[in-house]
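Below are some notes for a colleague who is opening this model for the first time.

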Amino acid sequence: MQEGTSLHWHGLLQKETPWFDGVPSVQQCPIAPGSTLTYRFRADLYGSSWYHSHFSAQAAGGLFGSMIIHGPTDNAQYDEDLGPVLISDWYHSDYFDLVEQTMAPASAGLPPPFSNNNLINGKMNYPCQANDTTCTPNAGLAKFAFEAGKKYRLRLINAGAEALQKFSIDNHKMTVIAHDFVPVHPYDADVITLGVGQRTDIVVTATGKSTDAVWMRSTISLKCSLSDGISPEAVAAIYYQNANTSAIPNTTTSVTQAELDFCGNDPLTTAISYFPITPDPNPDVTQNLDITFQSNGTHNLWYMNNSTFRGDYNDPVLLETNLGKTDYEPEWNVLNFGSNKSVRIVIYNHFAFGGHPMHLHGHNMFVLQEGYGKWDGSIVNAHNPQRRDVHFMQPAQSPTVPSYFVLQMDMDNPGVWPLHCHIAWHVSAGLYVNILENPKKIQQLQIPSTMAQTCRDWATWTGGNVVEQIDSGL
């Protein structure tokens, strides 16, 4: 393709290989058209995840896929692993057009992008009569096979651009066994909430009759997300072993409107990590971060602590730090935590009209608490708090009462690690900071020469081609 790219391996820690995390302007230069880069790293966690481009909003155009790493199943018993269930909102416009819409000056009066469809494993029909663009009716649905009495593992992955998804299976209970790459003590649920980037592994017992056909559903929460409302619910067909596979299921959902309208994950008390880890009760540093949506004079952008992010594709922060750089451009939003061993971050969302699936690279963060107003210092399950790499941060309660969540990390992985909202249009508009972890150790890293070559290739290509970086770059 005639633009740069990169691949991020979502959720993997990249210990000892921080240069392969795949974020342009942070750990690498973009891969230039006609050039190659081979990523080599350890699969240091196991479970369900995905890979995706981290170059602008390319992932919203479909540059992503599932990534499954098999490992122990101590906390769950099942008969068959049905593999990934990729859930993604979908837009009929090209990703770059949507970025242009997102980054248009405030004077243009354009709304943010609204999704047009919702997909399960890349499939879903669309009511073509509702759209005057080129449209293929009856495009097809994803299908799954059940045998009565058996237990099935499904790996749910929200690989979309913006939408908060609500997943369910008609007439069936689901047992949650993992969030992101972290196994949990099993618990039952009727609906699974997934922010962008989040994964939940479930076990479903096939309790129906051998002739049953039922709907699997993933519904975009219209209260919490931006959909045009024409086709917000994706369905896939589950056929039992003796079902008529040419018949359309006629089952109905039991998910309530209140469940669809709740803009948050399950309570922190619900998901207990199967392998307990206790965070430092007295971290070296506590950092507050305030998320706001405000004008820079011409554009409405996202800010963290009054600074909106913009990357420099030609000068990745990690490579500059490796060469001894200690001062950074303000718009790179670098938070330098030096050699501290543990860091706690309290994030406040002052935006009342939407939440943020906040993703931390390079770590499984402890999620200590969430709520509204000012954090009072309390921690949920302090000896074994929830761990994951994406947490959905709820909208502010009002313009004067923010929501918050508290994360903590052990600083055991020298590198430059993004902390950002995983909504494509939010990170395009600057909702992002870099966590600089142990810069002295970064200076000692022996970074492969392929990373410098990738930058030279990018510099050569951009010497004769204009890069239309109209957003943050990520």
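1. A disulfide is taken here as a pair of cysteine sulfur atoms within 2.5 Å. This is a predicted model, and it holds three disulfides. With bonded cysteines counted along the chain, their pattern is 1-6, 2-3, 4-5.

2. Cys-29 and Cys-455 are bonded, with sulfur atoms 2.1 Å apart. The pair links distant parts of the chain, 426 residues apart: Cys-29 is in the loop between strands S1 and S2, and Cys-455 is in helix H6. The S-S torsion is about 95°, so this disulfide is right-handed. Cys-29 counts as buried at 1% relative accessibility, and Cys-455 counts as buried at 15%.

3. In the disulfide of Cys-128 and Cys-135 the sulfur atoms are 2.1 Å apart. Its torsion of about -70° makes it left-handed. Cys-128 is buried at 18% relative accessibility, whereas Cys-135, at 25%, is partly exposed.

4. Cys-224 and Cys-263 form a left-handed disulfide, with a torsion of about -90°. The pair ties together two loops, one between strands S13 and S14 and the other between helix H2 and strand S15.

5. Cys-421 is buried, at 0% relative accessibility.

6. The largest pocket has a volume of about 520 Å³. It is lined by 25 residues, and those closest to its centre are Pro-112, Leu-226, Phe-293, Trp-302 and His-426. The lining comprises 15 nonpolar, eight polar and two charged residues.

7. The second largest pocket has a volume of about 350 Å³. Among the residues closest to its centre are Asn-364 and Arg-387. Its lining has ten nonpolar, three polar and five charged residues.

Terms used:
Residues numbered from 1 in each chain as written. Predicted model: local features only at pLDDT ≥ 70, side-chain atom pairs only at ≥ 80, totals over all residues. Heavy atoms only, no water. 1 Å grid on protein atoms, 1.4 Å probe; cavity = no way out; pocket = protein on both sides within 12 Å on 5 of 7 lines; lining within 4 Å. Points joined across faces, edges and corners; volume = space filled by probe spheres on them. Nonpolar A, V, L, I, M, F, W, Y, C, P; charged D, E, K, R; others polar. Helix = DSSP H or I, 4+ residues; strand = E, 2+ residues; numbered from the N terminus. Buried < 20%, exposed > 50% of the residue type's maximum accessible area, 1.4 Å probe, protein only.
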